[in-house]
Amino acid sequence: CDEDYYKHQQELFIDFYNQGLVSRKETYVNWDPKEKTVLANEQVINGKGWRSNVTVERKKLSQWFFNITKFSDELLNDLDKLSGWPDKVKLMQKNWIGKSTGCNLDFKLVNEDTTIKVFTTRPDTIFGASFIAVSVDHEICKDFHKNKKFIRFREECSKIGTTEEALANAEKQGFNTDLFVEHPFIKNKKLPVFVANFVLMDYGNGAIFGCPAHDQRDFDFAKKYNLPIIRVVQGKDSSEQGNEMKEAYTDIGLMVNSEFLNGLDILEAKKTVIDKVEKLKIGSKQIMFRLKDWGISRQRYWGCPIPIVYDENGKVIKIPEKDLPVKLPESIELNTNGNPLDFQEDWKKVKIDGKNCTRETDTLDTFVDSSWYFLRFCSPKHEASPFDLKKVNYWMPVDQYIGGVEHAILHLLYSRFFTKGIKQFNKNFGISEPFKNLFTQGMVCHETFRDTKGNWLYPEDIERIDNNTALKKKDKSKVTIGSSESMSKSKKNTVDPEMMIQKY
């Protein structure tokens with residue numbers, strides 16, 4: 001919150017912007033209805049806000065992003081250089097970046113010239129396909145925009161967040177378009193097209209083919225809508241077929257019921273089907289990443305102001321360096337619905353190079369502040385720029401970094417991105433990884449307690465009957481005892497040192 005620090009953060013933002021590492025785009029975001037702000041995917045835990053613990057919703061907004069995906073390969077490959085990091089942290093980052101080889105496949109709509117392009121990481125299971133599922137924003141949905149049933153369905157979809165976790169845990173819902181596509185390999189076989197609540201536009205092309213026998217999400221959907229379940233991978237210890245299956249089979253095995261793929265293992269089958277798809281010119285091999293760009297816009301007063309204004313035509317203008325830092329207004333009415341800066345007319349209106357402009361009212365995610373502070377530590381009084389290059393090249397990387405494992409795919413990933421981003425526009429910057437050795441210390445944990453309305457309770461608010469039973473002291477109502485989690489003010493699972501002092 002020190003302007004001597006965030007002035008330089010605003011300079012860095014503009015450096016990143018000039019390098020094409022910042023973009024503004026309209027997209028679905030994770031909306032925290034309690035904090036009334038956007039969260040990055042990494043800040044949504046079990047479908048809930050990392051701080052508020054409230055179920056996150058899906059909302060379409062125009063947002064600022066750091067284009068972290070431009071470094072997907074580098075962030076993944078350079079994990080191999082971090083021999084001083086715990087394997088579990090490297091594995092968490094590897095899985096989060098999530099590189100997968102798959103295939104784009106064209107499905108032709110029956111009696112139409114249109115095709116639906118589908119991305120899949122399991123082209124080997126194509127003979128087990130029994131439906132196509134598309135996102136509510138897919139172009140084929142434009143014909144349903146006046147359909148009341150579809151409008152209701154779209155509203156229901158917005159109550160789910162945008163993370164894989166939230167989509168996986170949500171009850172599967174579909175809207176039948178009454179459209180069909182032709183199966184690319186089975187003559188005269190038609191697959192129904194559904195709009196599904198678990199498909200997002202930013203995954204592949206916003207469309208998947210459902211193979212219920214070998215994907216649990218597709219299996220749940222097929223059961224609900226009475227769609228065929230066709231087994232195409234046979235394991236040694238699994239004999240159930242199709243509708244006898246109690247759950248999807250996701251292990252390895254040999255291909256069955258799959259014409260030219262029969263008898264091949266999964267990896268051979270993938271390669272064979274991709275070759276065939278490319279030969280027939282109905283698709284192509286493609287590499288995908290799970291990692292999404294980092295949404296950095298936050299709709300709240302506190303936070304580093306984004307150094308951007310808009311002219312009268314809405315064109316983006318960077319604030320000149322001489323006018324930095326952009327400071328937050330001191331006198332502000334905080335009792336507003338949404339971002340208080342939106343109502344700060346005097347502060348919003350500004351002249352840049354003689355033009356009437358309006359300031360950006362979003363502020364930066366505070367993870368931006370912690371993504372480069374270690375560079376500032378090398379020369380904290382340096383005024384000319386965010387850091388003294390000579391000092392950074394001398395002191396960095398950090399020899400020994402100690403922190404909680406909860407930052408494995410937040411702070412640590414963002415700091416790695418920042419370091420690589422700076423290296424891209426500053427060729428004399430001598431490091432590509434910020435932290436040489438990482439030690440993740442233990443967490444101080446305590447059970448969590450909730451009353452019948454789901455409100456968190458402090459340990460001193462409850463009366464323990466036994467290990468599994470507790471009552472609320474106030475009205476003797478039942479208390480739900482949750483798992484032991486890291487102590488946090490929001491979950492009230494903290495122990496006041498005063499109690500320990502009195503007791504011992």
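1. Start with glutamate 485. Its relative accessibility is 26%, so it counts as partly exposed.

2. Which residue does glutamate 485 pair with in a salt bridge? The partner is lysine 491, and the closest N and O atoms are 2.5 Å apart. Lysine 491 has a relative accessible area of 16%, so it is buried. The cut-off matters here: buried means under 20%.

3. Now look at aspartate 218 and arginine 217. Their side chains meet in a salt bridge, at 3.6 Å from N to O. Are the two residues buried or partly exposed? Aspartate 218 has 2% relative accessibility and therefore counts as buried. Arginine 217 has a relative accessible area of 29%, so it is partly exposed.

4. A further pair joins lysine 159 to glutamate 156. The closest N and O atoms of this salt bridge are 3.1 Å apart. Glutamate 156 is partly exposed, because its relative accessibility is 45%.

5. Which residues form a network here? Asp78, Lys81, Arg416, Lys420 and Glu433 are linked by salt bridges. Find these five side chains in the structure and trace the links. How many salt bridges does the whole structure hold? The search finds 26.

6. Turn to the cysteines. The structure has zero disulfides. Take cysteine 103: its nearest cysteine sulfur belongs to cysteine 211 and lies 14 Å away.

7. Cysteine 304 is in no disulfide either. The nearest cysteine sulfur, that of cysteine 1, is 11 Å away. With a relative accessible area of 3%, cysteine 304 is buried.

8. Last, check the confidence. The protein chain has a mean pLDDT of 93, and 100% of its residues reach 70 or more. Where is confidence lowest, and where is it highest? Helix 5, residues 164–169, is lowest, at a mean of 78. Helix 2, residues 72–77, is highest, at 98. Where pLDDT is low, predicted coordinates should not be read in detail.

Conventions. Residues numbered from 1 in each chain as written. Predicted model: local features only at pLDDT ≥ 70, side-chain atom pairs only at ≥ 80, totals over all residues. Heavy atoms only, no water. Salt bridge = Lys/Arg side-chain N within 4 Å of Asp/Glu carboxyl O. Buried < 20%, exposed > 50% of the residue type's maximum accessible area, 1.4 Å probe, protein only. Disulfide = S-S within 2.5 Å. pLDDT = per-residue confidence, 0-100. Helix = DSSP H or I, 4+ residues; strand = E, 2+ residues; numbered from the N terminus.
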